[in-house]
Amino acid sequence: MTEREAVVRPLGRPGDLGWVVMAHGEFYDREFGWDTDFEALVCRIVADYADGKEPGPQAAWIAEVDGRRAGCVFCVRADDRTAKLRLLLVDPAARGLGVGARLIEECLGFAREAGYEAIILWTNDVLGSARRLYRRHGFELTAEDPHHSFGQDLIGQTWQRRL
């Protein structure tokens, strides 16, 4: 069996933005039964990023495995001193290749170089693989809040770390 090649590159090729929205919608429906309210949220986040309306440094990356899109992450401004990690996703077929860790490392490196002092993220408790990655990268759980979103009862979580 040949070893699969994973690369991380800046987001910016035609189709990247649409892939982020489509992949989130499809993967979260298949894995967790989330409805199109989640896909609409992802669409708004991606559109805000693409419009560049938010002040401050921001960047996003696409992971590819064997030349096919297999993951993404966005780093945007939360406030003058804090970055926000958003939309981390790894295609289930690419899990176990270190793609998620590489995407998080790109985001953390960018946030540091951009002069942010801390980074936060919001996720849900059902995303066990992502939460394990966040913990391994020094994030700490700072808040939990039950909510009903995306057709599910969930527990939202805020995580953060110093840079």
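Q: Which element gives the largest share of the lining of the second largest pocket?
A: A pocket is an open set of points on a 1 Å grid over the protein atoms alone, with protein on both sides within 12 Å along at least five of seven lines; lining residues have an atom within 4 Å of a point. Strands are DSSP runs (E, at least two residues), and helices are runs of H or I (at least four), numbered from the N terminus. Here β3 gives the largest share, three residues. This is a predicted model, where local features need pLDDT of at least 70, side-chain atom pairs count only at pLDDT 80 or more, and totals for chains, interfaces and linings use all residues. Residues are numbered from 1 along each chain as its sequence is written, and side-chain values use heavy atoms, without hydrogens and water.

Q: Which residues line the second largest pocket?
A: Look for R4, W19, F27, V65, D66, R68, R69, A70, D91, A93 and A94. Both α1 and β3 (68-79) give two or more of the lining residues.

Q: Which residues are closest to the centre of the largest pocket?
A: Find Y28, L88, L127, A130 and Y134, out of 38 lining residues. Two or more lining residues come from each of α1 (16-32), α2 (36-51), β4 (82-90), α3 (99-113), β5 (118-124) and α4 (128-136).

Q: Which residues of α2 are buried?
A: Buried means under 20% relative accessible area (1.4 Å probe, protein chains only). In α2, F38, V42, I45, V46 and Y49 are buried. They cover an arc (of directions from the helix axis to the C-beta atoms) of only 95°, which puts them on the same side of α2. Those buried residues pack (heavy atoms within 4.5 Å) against α1, β2 (59-65), β3 and β4.

Terms used. On a 1 Å grid over the protein atoms alone, a cavity is a set of points where a 1.4 Å probe fits but cannot get out, and a pocket is an open set with protein on both sides within 12 Å along at least five of seven lines; lining residues have an atom within 4 Å of a point. Buried means under 20% relative accessible area, exposed over 50%, partly exposed in between (1.4 Å probe, protein chains only).
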